[in-house]
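Me: Please take a close look at a single part of this structure and tell me how it sits among the rest. I would like one connected account, in plain words.

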2 protein chains.
Amino acid sequence: MNKINLTAQRKAVLEAVQYDDGHPTAAEVMERLREQGQQFAYATVYNSLKYLTDVGLLRELKLGEAASRYDARVDDHHHIVCKQCGRVDEVLSPTPDEWITAVEKATNYKVSNSHVVFEGVCGTCAQHKV
Amino acid sequence: MNKINLTAQRKAVLEAVQYDDGHPTAAEVMERLREQGQQFAYATVYNSLKYLTDVGLLRELKLGEAASRYDARVDDHHHIVCKQCGRVDEVLSPTPDEWITAVEKATNYKVSNSHVVFEGVCGTCAQHKV
DNA sequence: TATAAGATTTATACTAAATCTAAATATAAA
DNA sequence: TTTATATTTAGATTTAGTATAAATCTTATA
């Protein structure tokens, strides 16, 4: 029974992700902490993000950019990225089971999970017609 | 009307991806070229991969690893990664339209494309029970 | 309380993937 | 040919992240 050891640094990193409205990168977490006057070593932020991901309090997202993003929502879900402004939103609708079954049949894999990155234009950008 | 300018280097890079049975990374393309006695500058391989992707002869895949992989199959499709051996296979079954419509409704985005990374265990690994 | 064991943080060095720069070379156009 | 444009090259640089080892903090126990 591994207890989660939330040190001050880890707590601050966790909260920085939780209270970010988007899905911040490690660099953005650093920046946010600095704004709050909580400056930790570079490695501490990375270590904390890794630890929090390992214990299941955060989820690491690799959306095709160079840097990983972190999500305080850890339930299984997908993401949608706006091609214009770059914002990332949650997609809570799960991958249809029938589709997964079809893919398993076609590929001869046993699928354990899937992650979808949708791309498109968000409502705000569609209005502002950038 | 932009004609595609296939220099010797670009052609060699394209063929290295085409004749690779997997989805090679830039480093793997380099290696394969070296094996063939065709050694180009690091930047040339990257430039070529970029050019070939831009003109639509290759597709860049970001599957959550550090390095991008390249796919000579440029039609819209998904990928499945074996958690055990790391092999990457094509998933040709398209994202169900009804699901995309549901996601658009739920997120208020206009979806232009989607890419799914399935994870699981391939037939070979399932047999060998690693 | 003192002390030792273990975990965490920190600064710094390092690595991997990719891009940038500017000179050199090749190709095409006038 | 001469000039213009594009491509390749070597090497420096950038970015994201990891490794290392000393320093610090916690916890457990005598």
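Reply: Apart from neighbours within four places in sequence, S48(A) is in contact with Q9(A), R10(A) and V13(A), where contact means heavy atoms within 4.5 Å. This is a predicted model, in which local features need pLDDT of at least 70 and side-chain atom pairs count only at pLDDT 80 or more, while totals for chains, interfaces and linings use all residues. Residues are numbered from 1 along each chain as its sequence is written, chains are lettered from A and ligands numbered from 1 in the order in which they are written, and side-chain values use heavy atoms, with hydrogens and water left out.

S48(A) belongs to helix 3 (residues 42-54) of chain A. Helices (H or I, at least four residues) and strands (E, at least two) are DSSP runs, numbered from the N terminus. With a relative accessible area of 3%, S48(A) is buried; that word means under 20%, exposed means over 50%, and partly exposed is in between (1.4 Å probe, protein chains only).

Chain A has five helices and five strands, in the order α-α-α-β-β-β-β-α-β-α from the N terminus. Of its 130 residues, 42% are buried. Among contacts in chain A with a separation of 6 or more, 49% join residues 24 or more positions apart.

Helix 3 of chain B can be followed in detail. The 13 residues of this helix (residues 42-54) should span 18 Å at 1.5 Å a residue, and the end C-alpha atoms are 19 Å apart, which agrees. The expected span is 1.5 Å times one less than the number of residues. In helix 3 of chain B, the buried residues are V45(B), S48(B), L49(B), Y51(B) and L52(B). Seen down the axis, these buried residues fall within an arc of 165°, so they line one face of the helix; the arc is that of the directions from the helix axis to the C-beta atoms. An α-helix has 3.6 residues a turn, so residues three or four places apart point the same way.

What covers the buried residues of helix 3 of chain B includes helix 1 (8-18), helix 2 (26-35) and strand 2 (69-71) of chain B. On the other side of the helix, Y42(B), N47(B), K50(B) and D54(B) are exposed. Just after helix 3 of chain B comes G56(B), with a positive phi of about 90°.
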